[in-house]
Amino acid sequence: AEKVTGVISGIGSISTSFGTGPSSYDFQDFATIGYDENTDKYVCVFYNRNDSRRPYAMVGTQSGGNIVWGNASQLGTNSGDSDPPKQRIALVYVSSLQKLAYFYRNSSYNGYTRGGYITVSGTGTSATATDLGSTNFGNPNTGGYNAAYTNSGNHGLVIAYPAINSGRRPRIMKVNINSTSSMTDTSELDVTSQNQGEYSLPDIVWSPNNSIYSICWKNLNNRPGCKNLSYSSWGVSPSGNTGTEISTDSIESNCGPRIAFNSVDNKFLAIWPQYNQNRLRGVIYTASGSTISAGTTFNITDGTAGSHVANLYNVSYNATANRFMVTYSYFSANGSFLKILKYNSSTNQCDVESTTTIQSSHQSFFIDSCNNPDDNRFGIVYNNETSGDDGRITCYTPDNSNLDAARFVGFAKASVSSGAEVTVKVNSNTSTRSGLTPGSIYYILGDGSLGTTAAPTATVKAGLAL
């Protein structure tokens, strides 16, 4: 028999209380989650409903399939915004400084960009996140941030956002990262000179394969437009106000595209909610130099459960499993969900696996996610709208197992030590396990145990209990 390797996917336990302080924190309007590669810890930044929508941060330590969280600490006395398109908080790991950087709209100071660095210390319930000092910079009336970083060349940290005072057009900004004690802007650049009808809500990611940033936004045609950014020459291409339109879909009102980069296959995935169709759509594209080329748009969700609004969908990528994860909730409907997507070179699309339900009991105002490259997991954060905005955080392990029906031989007749001989019953049915229900069909679950419900991925029918 061929050896089974890797792990089978599974959702972790959902954290509802945090640290040694309050039993819960209220995540008002938006929260984001990131991963500090230096300390091997998660960081969650959220607007605190019980403190005038001020930003707070807390640290999580991976413990098996769970995340153990410390107490939250205030990042500043400035408040976030009440308008969903402006509420997104950017959180990005800056490897040259070994710190996470964060950015949000400072509604206490004319909507300027506010940014700073977070120091992580401790572990478990004693872990803390400390603000190293934040500052206001850029121009007033911005919001809805995303950020990307590369440690090559000029050590580039770039944030993207809609310039609300300038026709909501997509804008990018260089950030000076010479020191963790200060953060300043060095240059702003309009991705297009064309004013937008709605919030452009640009997203930005770095491609180490091609040494470019990819920027994708909702253009004046309400379609996903893309351009490439060269940090060294500080310019975007190709020319044109709409960018390269990677789909003819119209994007839902007050929503923008979200993108992630697949470093194994050298592909980008962009997702968005399609206008008036109640479904998430996606497209694979490549970007190099001044060239952007897209495949055929495909469905991620089927449009039967409800509509999407800003901050209710996200995409992340894990290179170990070579999988994308799309997280989403529906507007004014119960439930938070995820889908795992794998790039298919034959179709130049993604194979979309079955839906995994994170929770089905309440509404959420947002959902966000991040990649944990050290533990081959994704972090997921959302809130419970029916319980005072209480924060909810969990993790998901993507499948990278080679387990399939051909590799499943059968059941061992006895428990033996490693290397010892054992008789294996290969007819796929079993009467050798205690605690099983006779007549029930069993499946292999993510932790290697048996269950009567198939796993969402790498599903293998184990057999019938006799």
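This is a predicted model: local features need pLDDT of at least 70, side-chain atom pairs count only at pLDDT 80 or more; totals for chains, interfaces and linings use all residues.

Me: Which residues have the most contacts inside the largest nonpolar core?
Reply: Phe27, Cys44, Phe46, Met58, Trp69, Ile118 and Ile393 do, in a core of 36 residues.

Me: And which elements give two or more residues to this core?
Reply: They are β2 (27-36), β3 (41-48), β4 (54-63), β5 (66-69), β7 (90-94), β8 (99-106), β9 (112-121) and β32 (390-397). The most comes from β3, which gives six residues.

Me: What is Phe27 in contact with, leaving aside neighbours within four places in sequence?
Reply: Its contacts include Cys44, Phe46, Met58, Phe366, Val381 and Ile393.

Me: What about a second core?
Reply: A separate core of 35 residues includes Val205, Phe324, Leu341 and Cys350.

Me: Changing topic, how much space lies in the largest pocket?
Reply: About 1,200 Å³. Its lining has 41 residues, and Val92, Ala147, Val205, Tyr317 and Asn371 lie nearest the centre of the pocket.

Me: How does that lining divide into nonpolar, polar and charged residues?
Reply: There are 23 nonpolar, 13 polar and five charged residues. Elements that each supply at least two lining residues include β2, β7, β11 (146-150) and β15 (203-207).

Me: What lies 2.8 Å from a polar atom of its side chain?
Reply: The backbone nitrogen of Asp83. Leaving aside neighbours within four places in sequence, Asp81 is in contact with residues including Arg53, Lys86 and Arg105.

Terms used
Residues are numbered from 1 along each chain as its sequence is written. Side-chain values use heavy atoms; hydrogens and water are left out. A nonpolar core is a set of buried Ala, Val, Leu, Ile, Met, Phe, Trp, Tyr and Cys residues joined through side-chain atoms within 4.5 Å. Buried means under 20% relative accessible area, exposed over 50%, partly exposed in between (1.4 Å probe, protein chains only). Helices (H or I, at least four residues) and strands (E, at least two) are DSSP runs, numbered from the N terminus. Contact means heavy atoms within 4.5 Å. On a 1 Å grid over the protein atoms alone, a cavity is a set of points where a 1.4 Å probe fits but cannot get out, and a pocket is an open set with protein on both sides within 12 Å along at least five of seven lines; lining residues have an atom within 4 Å of a point. Grid points are joined across faces, edges and corners, and a volume is the space filled by probe spheres set on the points. Ala, Val, Leu, Ile, Met, Phe, Trp, Tyr, Cys and Pro count as nonpolar, Asp, Glu, Lys and Arg as charged, and the others, Gly among them, as polar. A polar contact is a pair of N or O atoms within 3.5 Å; within protein, one must be able to donate a hydrogen and the other to accept it, and residues adjacent in sequence count only if both atoms are side-chain atoms.
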